[in-house]
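I opened this entry to keep a record of what I looked up, beginning with the strands and ending with the core.

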Amino acid sequence: FAAFVELLIRRNRAERHRRQHLADLDMKVVGTVRSLHTVSAGRHASDSVRALITFTTTCEGALADGSTTVQWTPHEARGHPVGSVLELLVNPQDLADVTVAGGAAPRIIGDGVLRSLVAVVFIVCLIAALAA
C-alpha cells in the first residue's frame, strides 16, 4: 500500500512540475468543452467526469487545432458544461502537451494528505495485529 501511495505522490509531483512548466511558457489559448462523459471505476467506486476540450492556436505562423481530455470529479465538472470555454496552457513546441489553467484545473491531492493516509493505515494495521 505504501509503495502504491509513493507512486501516486511521484505522479502528482510530476504533474505539478508539468503544469508549472506550461505556466512558465506563458502560452494561453481558449478551449471549448466538446463532450462530457461519466466514468465509473466500478459498482462501489466514485465516478469521475471526462471532458474532451478542443482549441485552435497559432503555431509557427499557421493555425493549428488541438485537443485534450481532462478528468474532473463531478463537483469540479459542475461549472463546465458542454460548450463552455476554458483557459488552457499549451506548449508551443508540442500541442499535445496541454493543461487546463487556473481554477478549472483538476485538483491534485497533496503529498501530506497521502502520507497521512499511509500513517493511519499503518497504525490501524498495527493495532489490529496487536489485538489479535
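My notes on the sheet, the helix and the nonpolar core follow.

I am working from a predicted model, and I began with the order of the strands. I found five strands in an open sheet, which reads E3-E2-E1-E4-E5 with antiparallel pairing. At the edges I noted strand E3 (62-72) and strand E5 (94-100), each of which pairs on one side only. I then looked up the twist, which averages 40° from one strand to the next.

E4 and E5. I next asked how many bridges join strand E4 to E5. I found four, with E4 covering residues 85-91 and the two strands running antiparallel. For Leu88 I looked up the bridge partner in E5, and I noted Val100.

Helix. I turned to helix H1 (residues 2-25), which packs on the sheet and touches E4 and E5, its direction making about 105° with that of E5.

Core. I then went through the largest nonpolar core, which has 19 residues, and noted that Ile53, Phe55, Trp72, Leu86, Leu88, Val90 and Val100 touch the most other members. I checked where the core residues come from: strand E1 (28-40), strand E2 (47-59), E3, E4 and E5 each supply at least two, and E2 gives the largest share, five residues.

Leu86. Last, I asked which residues Leu86 touches, not counting those up to four places away in sequence.

Notes:
Residues are numbered from 1 along each chain as its sequence is written. This is a predicted model: local features need pLDDT of at least 70, side-chain atom pairs count only at pLDDT 80 or more; totals for chains, interfaces and linings use all residues. Side-chain values use heavy atoms; hydrogens and water are left out. Two strands pair if DSSP finds at least two bridges between them. Axes are lines fitted to C-alpha atoms, for helices over the stretch in contact, and angles run from 0 to 180 degrees between N-to-C directions. Contact means heavy atoms within 4.5 Å. A nonpolar core is a set of buried Ala, Val, Leu, Ile, Met, Phe, Trp, Tyr and Cys residues joined through side-chain atoms within 4.5 Å. Buried means under 20% relative accessible area, exposed over 50%, partly exposed in between (1.4 Å probe, protein chains only).
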